[in-house]
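Subject: Structure handover

Hello,

Please find the structure below. My notes on what was found in it follow.

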Amino acid sequence: MGDQVLGVAMNGVTGRMGYRQHLTRSILAIREAGGVPLPDGTRVIPEPVLVGRSAGKLREIAARHDIPRWSTDLDTVLSDDSISVYFDAQITSAREEAVRAAIAAGRHVYAEKPVAATYGAALELAKLARAAGVRNGVVQDKIFLPGLLKLRRLVRSGFFGRVLSVRGEFGYWVFEGDWQAGQRPSWNYRAEDGGGIVLDMFPHWHYVLEHIFGPVRAVTARAVTHIPRRWDENGEPYDATADDAAYGIFELDGGVIAQINSSWCVRVDRGELVEFQVDGTEGSAVAGLRHCRAQHRSATPRAVWDPDAGRDEPYRDQWESVPDNDEFDNGFRAQWALFLRHVCAGTPFPHDFLSGARGLQLAEAGLRSSRTGGRVELEEVTLP
């Protein structure tokens with residue numbers, strides 16, 4: 001058997017994330033490297049077909065990267081038997097309809113998260129995909145980053161002993177847009193357009209916690225809109241109706257407690273834009289996007305609270321860097337390679353629509369907790 005070319009319809013590549021991470025740094029990079037190796041020794045080479053609403057933008061991107069096929073007609077693309085995979089990186093509010101159409105056309109589907117605007121809709125997509133027999137996946141890029149891969153290695157090695165707690169800090173200051181342009185699109189701050197940091201980030205935290213530490217069983221959260229007025233891409237003021245910060249406590253299997261702050265209204269005073277500290281009976285670690293530092297029980301200094309002593313302990317110098325010990329690829333590309341193997345060879349792929357639905361379940365539970373001021377338990381999510 002020889003190598004195979006796999007047609008991949010890519011919808012939403014005119015956006016920043018779809019273009020940079022999924023098209024150029026993933027699919028085109030894989031194609032230029034000669035494809036993805038399969039277990040039988042052959043390779044699968046993805047061939048992108050661009051889809052979107054703007055003919056001008058699609059034509060320009062296709063010409064820039066020598067991509068022969070593009071279209072503004074999704075139905076025509078989905079009816080083409082040379083297309084095996086449909087990928088969606090559109091705005092969240094447009095994703096569900098397109099994914100439903102792809103499933104109905106019998107295409108395997110890979111989508112950005114959240115796969116739908118609500119938990120119920122995401123669960124329905126998972127059911128439809130299973131009934132249609134199509135392979136499906138949702139982007140869960142964070143756990144493919146070097147820092148979290150090192151952290152997972154420590155967990156699996158037993159380094160922590162019994163894990164006690166996880167503390168996460170994520171965020172940065174997003175300019176309001178009046179005197180300096182914002183770094184995020186304005187729809188992120190409008191609830192009616194699917195915006196909000198809970199809907200954006202809680203699905204991320206769900207798969208990070210689930211795949212590294214264990215299932216999330218309950219959440220207590222507070223979501224707020226710290227900055228109620230912002231300015232859009234045209235310099236026009238608008239009311240921010242979505243939450244721009246969230247403070248959550250997540251209860252995991254085994255009694256592990258995770259606390260994660262998410263904010264677009266915080267100035268960065270940490271090593272990376274996101275950091276997780278994990279504390280266990282035998283050791284602790286701090287992981288960011290790329291780096292991970294650890295401190296074993298045997299090397300833990302004796303800390304003493306004495307506010308009158310005036311000692312300036314070099315606490316961060318007392319940790320050891322976790323070595324790479326491996327070559328780390330772009331996280332989006334790494335997950336794309338796993339999905340393409342899953343499509344062509346049936347290899348395991350736990351990042352399916354059901355996993356994406358569980359992330360949305362957590363987001364909705366977090367928002368409900370914020371509204372009611374109470375703790376919300378999560379029901380187990382399965383498919384019949």
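E9 and E18 pair in the antiparallel sense over two bridges; two strands count as paired if DSSP finds at least two bridges between them. Strands (E, at least two residues) and helices (H or I, at least four residues) are DSSP runs, numbered from the N terminus.

This is a predicted model, in which local features need pLDDT of at least 70 and side-chain atom pairs count only at pLDDT 80 or more, while totals for chains, interfaces and linings use all residues. Residues are numbered from 1 along each chain as its sequence is written, and side-chain values use heavy atoms, with hydrogens and water left out.

The sheet

E9 and E18 belong to an open sheet of nine strands with mixed pairing, in the order E17-E16-E15-E14-E8-E13-E12-E9-E18. Strand E17 (320-321) and strand E18 (376-377) stand at the edges with a single partner strand each, so one side of each has no neighbour in the sheet.

E9 also pairs with E12, in the antiparallel sense and over eight bridges. In that pairing, Ala223 has Ala246 in E12 as its bridge partner. E12 (residues 245-252) pairs in turn with E13 (residues 257-263), again antiparallel, over seven bridges. Here Tyr247 stands opposite Asn261 in E13.

Helices on the sheet

Which strands does helix H7 lie across? Helix H7 (residues 197-212) lies across strand E8 (163-171), strand E9 (216-224), E12, E13 and strand E14 (274-280). Its direction is at about 150° to E13. Helix H9 (residues 353-372) lies across E9, E12 and E18, at about 55° to E9. Axes are lines fitted to C-alpha atoms, for helices over the stretch in contact, and angles run from 0 to 180 degrees between N-to-C directions. Contact means heavy atoms within 4.5 Å.

Helix against helix

Two packed helices are described by the angle between their axes and the distance between the axes. Helix H5 (residues 119-132) and H9 pack at an angle of about 170°, with their axes 8 Å apart. They are therefore roughly antiparallel to each other. Angles under 35 degrees count as roughly parallel, over 145 as roughly antiparallel, 65 to 115 as roughly perpendicular and the rest as oblique. H5 contributes Tyr119, Ala122, Leu123, Leu125, Ala126 and Ala129 to the contact, and H9 contributes Phe353, Leu354, Ala357, Leu360, Gln361 and Glu364. By class, this contact of H5 with H9 has ten nonpolar, one polar and one charged residues. Ala, Val, Leu, Ile, Met, Phe, Trp, Tyr, Cys and Pro count as nonpolar, Asp, Glu, Lys and Arg as charged, and the others, Gly among them, as polar.

H5 also meets helix H4 (residues 92-104): the axes come within 10 Å and cross at roughly 10°. H4 and H5 are therefore roughly parallel to each other. The contact is made by Glu96, Val99, Arg100 and Ile103 of H4, and by residues of H5 including Leu125 and Ala129. The contact of H4 with H5 divides into seven nonpolar, no polar and three charged residues.

Cavities

How many cavities of 30 Å³ or more does a search of the whole structure find? The search finds two. On a 1 Å grid over the protein atoms alone, a cavity is a set of points where a 1.4 Å probe fits but cannot get out, and lining residues have an atom within 4 Å of a point. Grid points are joined across faces, edges and corners, and a volume is the space filled by probe spheres set on the points.

The largest cavity has a volume of about 70 Å³. Its lining includes Lys113, Pro114, His206, Tyr207, Gly359 and Leu360. H7 and H9 are the elements that give two or more residues to this lining, and H9 gives the largest share, four residues. The lining residues of the largest cavity divide into six nonpolar, five polar and one charged.

The second largest cavity has a volume of about 40 Å³. Among the residues that line the second largest cavity are Leu145, Trp205, Val274 and Phe276.

Two backbone details

The peptide bond from Lys113 to Pro114 is cis, with omega near -5°. Pro114 lies in the loop between strand E6 (108-111) and H5. Asp66 is not a glycine, yet has a positive phi of about 55°. Asp66 is in the loop between helix H2 (55-64) and strand E4 (70-71).

Regards

Technical notes. On a 1 Å grid over the protein atoms alone, a cavity is a set of points where a 1.4 Å probe fits but cannot get out, and a pocket is an open set with protein on both sides within 12 Å along at least five of seven lines; lining residues have an atom within 4 Å of a point.
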